[in-house]
Amino acid sequence: MTVREILKMGDQRLLLTAPAVTAFDTPELHTLVADLLETMAAANGAGLAAPQIGVNLQVVIFGSGQVNPRYPHEPPFPQTILLNPVITPLGDEEQEGWEGCLSVPGMRAIVPRWQHIRYTGVDVLGQPIEREAEGFHARVVQHECDHLIGKLYPMRVRDFSRFGFTSVLFPGLDDNTDD
Ligand code: NI
């Protein structure tokens, strides 16, 4: 496993649409997932998408089963490795919540997301995953899957008066602002 460099906003590779994974349970795929997990853990990420480490494939990981120190007031949700995801909103209710991104270090914004979703996809073996999520869990899934269509959260911001530096908005919160 290797901690990989996380691409930052402005890198054109973050703007690509990722193709689906077609070969499962391969050594390359296991290495990619291991690298994503290690990179996310090293950065205290709530999630990470393969394009963020320069691999243009529909692979996202999110959750750790524990409270995330970058989002200390949000509930934990299970660690998930999700390939070829599809998100379906359940109902038309939106929620507003604070979001950051390891590719946009040191910043946060209020971003509208679907409150309640179903997400489907497959795991690293190609076995189906189907789950419903709401709240922060649903927010993180939507954020990570956006990375697979070249969308970064600032592109979803509607109210730029609530977009700013973490150190100003949330003094004392560790947001990996040292890079
Ligand atoms: Ni992100």
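Let me start with burial: a residue is buried at under 20% relative accessible area, exposed at over 50%, and partly exposed in between, with a 1.4 Å probe and protein chains only. By that rule Cys-145, at 11% relative accessibility, counts as buried.

A quick word on what we are looking at. This is a predicted model, so local features need pLDDT of at least 70 and side-chain atom pairs count only at pLDDT 80 or more, while totals for chains, interfaces and linings use all residues. Residues are numbered from 1 along each chain as its sequence is written, and side-chain values use heavy atoms, with hydrogens and water left out.

Now, the cysteines. A disulfide here is a pair of cysteine sulfur atoms within 2.5 Å, and the count comes to zero. Cys-145 is in no disulfide; its nearest cysteine sulfur belongs to Cys-101, 13 Å away. Cys-101 is buried too, with a relative accessible area of 4%.

So what coordinates the nickel ion? The ligands are Cys-101 through SG, and His-143 and His-147 through NE2, at 2.1 to 2.2 Å. Donors are N, O and S atoms within 2.8 Å of the metal (3.2 Å for Na, K and Ca), and since water is not among the atoms, sites may look incomplete. Along the chain, the spacing of the donors reads C-x41-H-x3-H. Cys-101 sits in the loop between β4 (94-99) and β5 (107-114) and His-143 in helix α2, 42 residues apart, so this pair links distant parts of the chain. For the element names, helices (H or I, at least four residues) and strands (E, at least two) are DSSP runs numbered from the N terminus. His-143 is buried, as is Cys-101.

Rings of Phe, Tyr and Trp (its six-membered ring) pair if their centres lie within 6.5 Å; planes under 30 degrees apart are stacked, over 60 edge-to-face, and the rest tilted. That gives seven aromatic pairs. In one of them, Phe-77 and Phe-136 have centres 5.9 Å apart and planes at 70°, so they are edge-to-face. Phe-77 lies in the loop between β2 (59-62) and β3 (80-89), and Phe-136 in helix α2 (residues 135-146), so the pair ties together parts 59 residues apart in sequence. Both are buried.

Ring pairs also link Phe-77 and Phe-136 with Phe-62, Tyr-71 and Tyr-119 into a cluster. Over the Tyr-71 ring sits the charged end of Arg-108, 4.3 Å from the centre; that label needs NZ of Lys or CZ of Arg within 6 Å of the ring centre and within 35 degrees of the ring normal.
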